[in-house]
Amino acid sequence: MEGVQKPQGSVVIIGAGTQGRRLAHMWSSRGGTVRLVDLQEQQLQDGLKYVEQLRADATDHEGDWGRIETSQPSSLQSTLKDAWLVVECVPENLNLKRKVIAQLDELAPESTIIASNSSSYGIFEILEGMSLKNNKRVMSAHCYWPPETSAIEIMGHKDSDPKLIDLILEQCKEHGFSPFHVRENSIGYIYNRIWAAIKRETLLTLSEGVATPEEIDAIFKDVLKTPKGPCEQMDVVGLDVVLDIENHYAESRSGIPTEPRDYLRGMIQGGSLGVKNGRGFYDYEDQKK
Ligand SMILES: NC(=O)c1ccc[n+]([C@@H]2O[C@H](COP(=O)([O-])OP(=O)(O)OC[C@H]3O[C@@H](n4cnc5c(N)ncnc54)[C@H](O)[C@@H]3O)[C@@H](O)[C@H]2O)c1
């Protein structure tokens, strides 16, 4: 892994869902080839259409777009043969992530960087108990949604090769991301941790009866000049997803209060999941019509 230079070759994306197709767009934006891999042909076709749309919308783009080739996981070894980077974007399931990363470590050339886009699991958690051929080239590269959010957080682990972290930070910038380096092992990424604290304190404030969702959102927006308050934002994410994320923090760290989770559980048991089922902190029934 000595003397890593500007990378040659393709970027391989495993999983052509919400994030994978968006990453295919970004990593092909400077002319490089992207190979998009998914178990489902329909996802690959929808992914290609999505990239076409993003390219059509990108009025200020200069230079050539790279090619995007699609394939199935059954031909992974040949897909990976010229990859300088492979990013896994499969669903958020720890066992699946571990299985895919073990496979990539086995099949990818020694110099290929392996990155995970997992939202909840930092790379050091994914690698726990795994024995890889070369774990120095494995890292987290976590980006956000919607696609116009350029932030991406890069997190290595205790054995990471610092030259590869530098290379990824530089290449992310080159491809239109705003990269941030998570400098230590962290349960949650930089932004997620801050947002988790805001959600937690919001739920605690509600559980104590200190203020209503409307009042919390109104004061938050007034002071910080943001378009949405924390209750509105939690409704968009989905209250079950918010609870899963908070459960993960509570399992991994000490000192996380129980009241915010109890409050969320009460809402979920009462049938409130947020925008997706028409009822959360606010009523969205009208939007479903
Ligand atoms: N959706 C978001 O806003 C968001 C934001 C940041 C990070 N993430 C992370 O990105 C990852 C992917 O999330 P998503 O929302 O894109 O999921 P998604 O469900 O939209 O897409 C996952 C894709 O992976 C495919 N897949 C499943 N197993 C596979 C395998 N073994 N090989 C190849 N393809 C396989 C599925 O067919 C599907 O197309 C998750 O780890 C998630 O935490 C998502």
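The buried residues of helix H9 are Pro230, Cys231, Glu232, Gln233, Met234 and Asp235. Buried means that 20 or more other C-beta atoms lie within 10 Å of a residue's own; exposed means 12 or fewer, partly exposed is in between, and the C-beta atoms are placed from the backbone. The model is a predicted one: local features need pLDDT of at least 70, side-chain atom pairs count only at pLDDT 80 or more, and totals for chains, interfaces and linings use all residues. Residue numbers run from 1 along each chain as its sequence is written.

H9 spans residues 230–237 and is mostly covered, with six of its eight residues buried. Helices (H or I, at least four residues) and strands (E, at least two) are DSSP runs, numbered from the N terminus. The partners of the buried H9 residues are helix H7 (190–207), helix H8 (213–224) and helix H10 (239–252). Contact here requires C-beta atoms, placed from the backbone, within 7 Å. After H9 comes Gly238, with a positive phi near 110°.

Step back to the loop between H8 and H9, which holds Lys225. Lys225 is not a glycine, yet its phi is positive, about 55°. Lys225 counts as exposed because it has 7 C-beta neighbours inside 10 Å. Phe220 sits in helix H8. Why does Phe220 count as partly exposed? It has 19 C-beta neighbours inside 10 Å. Leaving aside neighbours within four places in sequence, Phe220 contacts Thr226, Gly229 and Pro230. Between the C-alpha atoms of Phe220 and Lys136 the separation is 42 Å, and the two residues are 84 apart along the chain.

Now the whole chain. It is divided into domain 1 (10–182) and domain 2 (192–284). These bounds come from an automatic or database domain assignment. The C-alpha centres of the two domains lie 30 Å apart. A UniProt annotation from an unreviewed entry, "domain: 3-hydroxyacyl-CoA dehydrogenase NAD binding", covers residues 11–184. UniProt positions follow the numbering used here, feature names are shortened, and annotations may be inferred rather than shown by experiment. Over residues 11–184 the chain is 36% helix and 22% strand, with the end C-alpha atoms 26 Å apart.

Next, the nonpolar interior. In soluble globular proteins, nonpolar side chains tend to be buried together. A nonpolar core is a set of buried Ala, Val, Leu, Ile, Met, Phe, Trp, Tyr and Cys residues joined through C-beta atoms within 7 Å. The largest has 48 residues, and those with the most contacts inside it are Ile13, Ile14, Val86 and Val87. Strand E4 (residues 83–88) gives the most to this core, five residues. Another core, of 11 residues, lies apart from it; Cys231, Leu239, Leu264 and Phe281 are among its members. Val87 touches Ile13, Ile14, Leu23, Ala115, Asn117 and Ala141, not counting residues up to four places away in sequence.

The peptide bond from Trp145 to Pro146 is cis, with omega near 5°. Pro146 is in the loop between E6 and strand E7 (151–155).

Notes:
Contact = placed C-beta atoms within 7 Å.
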